[in-house]
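Welcome! Take a moment to look over the sequence and turn the model around before you read on.

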Amino acid sequence: MFKSTLSSSASLLSRRCINVGSSSRKAASSVVKNNTLDYPFFSSVNRLFHSNRLCSDKTNMLICFGSQTGTAQMFAEGLRSELLGKKEPWLANVKVVDLNDIEPEKAVEFGMQEGNGLYNVVLFVMSNYGEGQPTDNAKQFYDWLMSDSSTKVLQNAGKKPHYAIFGLGNSANFPERYQAVGRKMEKRLNDLGLSLVFKRGEGDDGGAEGIETDFEVWKNEFVQFLKEQDNGTSTSQTCSVPPEKPKESEGLPPDTTSNGKYFFRTLEFEKYRDKLRQFIREYDSSQSVSPKNPYSLLIDSAKNLCPRSSRKRLELEFAIDNTPINYETGDHIALFPMNSPDLLRRLEKILKLDTPMDRIIFTLQTPPCSIESPPFVATPEKPVSLHQVLSQFYDLNGVVTPTLLTFLAEKATEESEKAKLEQLRSVEYLSGVKNRMLNIVDILEMFPSIRVTWQDLIGVLPKIQPRYYSISSSRLENEERIKRGEKQILRVTFSPLVWPQPDGRTFYGLCSNYLGTLKSHDYCQSVVRTSSFRLPQNPMTPILMLAGGTGIAPMRAFIDERRVLKQKNPSIKFGPSVLLYGVRDETEIIYKDEIEMALKDGLISDFYVSFSHTHGKMISDSIWEHSQLIYDILKTNKGHMYMCGGVAGFGTKCYDALKKVVTHIDNAPAEAGDAFIDLMRKEGRCLRIWLIKLLKAPILCKYSSRCN
Ligand SMILES: Cc1cc2nc3c(=O)[nH]c(=O)nc-3n(C[C@H](O)[C@H](O)[C@H](O)COP(=O)(O)O)c2cc1C
């Protein structure tokens with residue numbers, strides 16, 4: 001390892017800015033140039049900003065995460081807290097970056113810097129998603145890495161760059177594409193003659209040990225490895241790092257503040273109010289629609305599908321004519337929620353602002369040498385209001401993470417509160433925070449001695465992530481709509497999550513409750529995500545559809561698709577098609593008329609409903625009751641199975657029931673049931689969506705409408 005002492009951190013900074021490579025030099029200078037008028041003080045501030053943050057003779061670790069439902073992010077942030085907390089003498093700094101917030105070149109170039117007192121290492125913590133694909137926030141980076149664009153950058157690495165990879169996957173559910181992302185990244189580097197500095201780690205969400213243990217074991221070995229690389233060249237004194245401390249410095253215009261991460265300038269409300277845009281994530285039509293560039297879809301209609309029930313089952317229809325939004329039947333749509341007005345009001349009260357949030361208009365800028373891009377655009381030409389940022393961009397509703405609690409404990413001014421927050425962050429996290437679903441506003445209310453500014457919060461809050469919903473309409477039906485001169489639509493069906501807590505409070509899922517407030521003519525930001533949830537090519541292939549609650553959504557889309565197929569070709573025949581539908585009671589059945597019509601018209605062959613509350617009958621009982629029919633579809637005739645259900649354990653219960661059916665009819669041992677499910681998965685005949693991750697990822701539980 002290359003560690004030597006540099007005389008001053010200022011000289012380190014200048015080296016560092018020069019060392020980051022040509023593209024980042026270009027980016028840095030353009031930032032300065034573009035903002036010359038607004039930030040004449042910027043370069044001097046930048047020196048101040050960095051001087052306290054890096055130690056010249058130690059390891060700098062950059063942890064980049066690709067995460068869909070928060071686990072990889074949690075691991076990344078946990079490792080950072082652990083390392084900084086231990087004040088390891090060999091460690092200068094650890095920074096965690098969302099792969100969406102960093103230019104791909106900068107992430108890889110960071111690991112290329114060495115010598116001159118620097119040892120930079122980049123750890124990529126990468127979850128798998130879709131079909132062995134990267135998560136949405138890692139897509140841009142991953143595509144770049146795998147493409148020719150990265151070849152030159154990586155080949156010019158000169159010396160061996162320092163990269164490590166920990167992948168997250170699930171070997172039980174996705175055996176054929178387990179850890180595809182991490183493996184492909186390693187292979188790509190190897191093909192270019194580069195190897196990882198440390199063996200690639202694998203965390204298995206479906207494994208016996210548990211993914212947390214897998215990470216724990218690998219991480220400990222990795223940290224030990226880094227420590228051993230030290231060679232005793234660094235001084236034993238503890239680095240005075242921990243970063244992200246607000247910095248007030250002389251020489252700055254009085255209206256400029258810094259939270260140690262970004263610079264803020266508040267602008268005059270009257271002068272800039274007309275420049276505010278509707279959404280923080282403003283759609284840029286020159287770029288394709290992506291989670292970074294979502295499109296604002298107009299809501300055509302909003303309705304409650306079961307008014308007789310005490311629980312809502314809602315349907316939104318979006319108008320997609322003349323929009324870049326298109327989909328195939330079975331796809332998902334990612335929708336961006338906003339925090340509830342109630343949460344914002346509570347936070348506004350806690351922050352004790354002189355001016356209401358919607359009148360605080362500001363710009364945000366990262367220092368030129370920062371490798372991280374600003375989280376959102378907020379320039380004098382396109383400023384934002386604090387209300388917009390806190391309602392649209394940062395997640396106030398999710399359970400606070402241990403990292404956030406550490407930050408809040410530092411900000412507590414009373415020792416007793418500080419100590420309690422420390423406990424909540426560590427030994428009492430599960431019982432005192434996670435299981436109670438406490439969010440940042442709850443914690444700020446519970447601990448009034450915490451002193452934070454809105455700028456502080458912008459530096460530490462997690463971003464709102466989009467939530468995925470199955471599209472419950474059919475693409476083919478839109479073709480017919482065009483012929484009839486009607487609007488093309490995209491439909492989602494969901495149920496707002498209202499979850500009473502044992503302590504008398506109620507947890508409201510962020511996205512489903514936000515969607516529940518939308519009405520016709522409102523807009524919602526969205527991106528379509530392709531899925532593999534497709535009807536078989538051959539209509540005669542038998543199918544079994546298992547739907548729990550609003551899990552009927554994609555089955556409804558399939559039925560609509562078949563209706564159009566039948567209209568186009570009246571002689572078309574469909575193979576046996578069974579729909580098993582589980583709801584609490586009769587009032588919660590949705591799309592009943594359409595389903596019964598489908599049965600009558602031969603679009604499906606069998607339809608059975610099980611009522612869990614009034615009849616104590618689960619969908620697994622229904623599977624058992626219709627054993628022979630299901631056996632014939634799946635085992636004898638190699639049909640396809642589609643599962644979509646919300647409640648925890650839905651999938652496992654269905655699988656167990658199917659295994660029981662097969663082993664019973666075949667009079668075979670239990671292993672034969674597992675082998676049967678494995679075979680269906682391998683043959684691509686087992687299609688499942690809506691995985692519940694409710695209690696696993698504390699902040700970002702967003703795959704299911706049920707949990708959000
Ligand atoms: C829809 C979906 C698709 C997935 N696809 C894969 C896959 O192809 N390969 C794999 O190894 N794991 C796959 N997984 C498992 C996740 O990578 C794993 O659960 C991981 O812990 C999620 O991390 P995150 O919370 O950071 O997103 C998938 C999970 C979901 C929900």
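## Before you start

This is a predicted model, in which local features need pLDDT of at least 70 and side-chain atom pairs count only at pLDDT 80 or more, while totals for chains, interfaces and linings use all residues. Residues are numbered from 1 along each chain as its sequence is written, and side-chain values use heavy atoms, with hydrogens and water left out.

## The whole protein

Let's begin with the overall picture. The protein has 25 helices and 24 strands; helices (H or I, at least four residues) and strands (E, at least two) are DSSP runs, numbered from the N terminus. Of its 708 residues, 57% count as buried. Here, buried means under 20% relative accessible area, exposed means over 50%, and partly exposed is in between, with a 1.4 Å probe and protein chains only.

The accessible surface of the protein is about 29,200 Å², and 51% of it belongs to carbon and sulfur atoms. Such areas come from the Shrake-Rupley method with a 1.4 Å probe; for residues, only the protein chains shown count as cover. Now think about contacts, meaning heavy atoms within 4.5 Å. Among contacts between residues at least 6 apart in sequence, 78% join residues at least 24 apart.

## Around the ligand

Which residues come nearest to the ligand? Of the 25 residues around it, they are S67, T69, T71, N128 and D205. A residue is near a molecule or strand if one of its heavy atoms lies within 4 Å of it. By class, this shell holds eight nonpolar, twelve polar and five charged residues. In this scheme, Ala, Val, Leu, Ile, Met, Phe, Trp, Tyr, Cys and Pro count as nonpolar, Asp, Glu, Lys and Arg as charged, and the others, Gly among them, as polar. Domain 1 (3-230) and domain 4 (543-699) both give residues to the shell, so the ligand lies between them. The domain bounds come from an automatic or database domain assignment.

A polar backbone atom of Q68 is 2.7 Å from an oxygen atom of the ligand. For Q179, a backbone N or O atom lies 3.0 Å from a ligand oxygen, and for L168 the distance is 3.3 Å. Taken alone, the ligand exposes 640 Å², and the protein buries 96% of that. The elements that give two or more residues to the shell are α4 (71-86), β4 (118-129) and β6 (163-169). Of the elements, β4 gives the most, with three residues.

Helix α12 (residues 386-393) is mostly covered, with seven of its eight residues buried. Those buried residues are L386, Q388, V389, L390, S391, Q392 and F393. Their cover includes α11 (341-351), β13 (361-365), β14 (384-385) and α17 (454-460).

In helix α18 (residues 475-483), the buried residues are L476, E477, N478, E480 and R481, and β16 (489-494) and α20 (553-568) are among what covers them. At the start of α18, a side-chain oxygen of S474 reaches to within 3.2 Å of the backbone nitrogen of L476. Just after α18, G485 takes a positive phi of about 75°.

## Positive phi in two loops

Most residues other than glycine have a negative phi. N322, however, has a phi near 55°, and it is found in the loop between β11 (314-319) and β12 (332-335). N322 counts as exposed because its relative accessibility is 81%.

K638 has a phi near 50°, also a positive value in a residue other than glycine. K638 sits in the loop between α23 (627-636) and β23 (640-645). At 42% relative accessibility, K638 counts as partly exposed.

## Two buried residues

Is P375 buried or exposed? At 12% relative accessibility, P375 counts as buried, and its place is in the loop between β13 and β14. Not counting residues up to four places away in sequence, P375 touches Y262, L364, F393 and Y394.

L335 belongs to strand β12 and counts as buried, at 0% relative accessibility. Leaving out residues up to four places away in sequence, L335 touches several residues, including F318, P466, V492 and C511.

Technical notes: A polar contact is a pair of N or O atoms within 3.5 Å; within protein, one must be able to donate a hydrogen and the other to accept it, and residues adjacent in sequence count only if both atoms are side-chain atoms.
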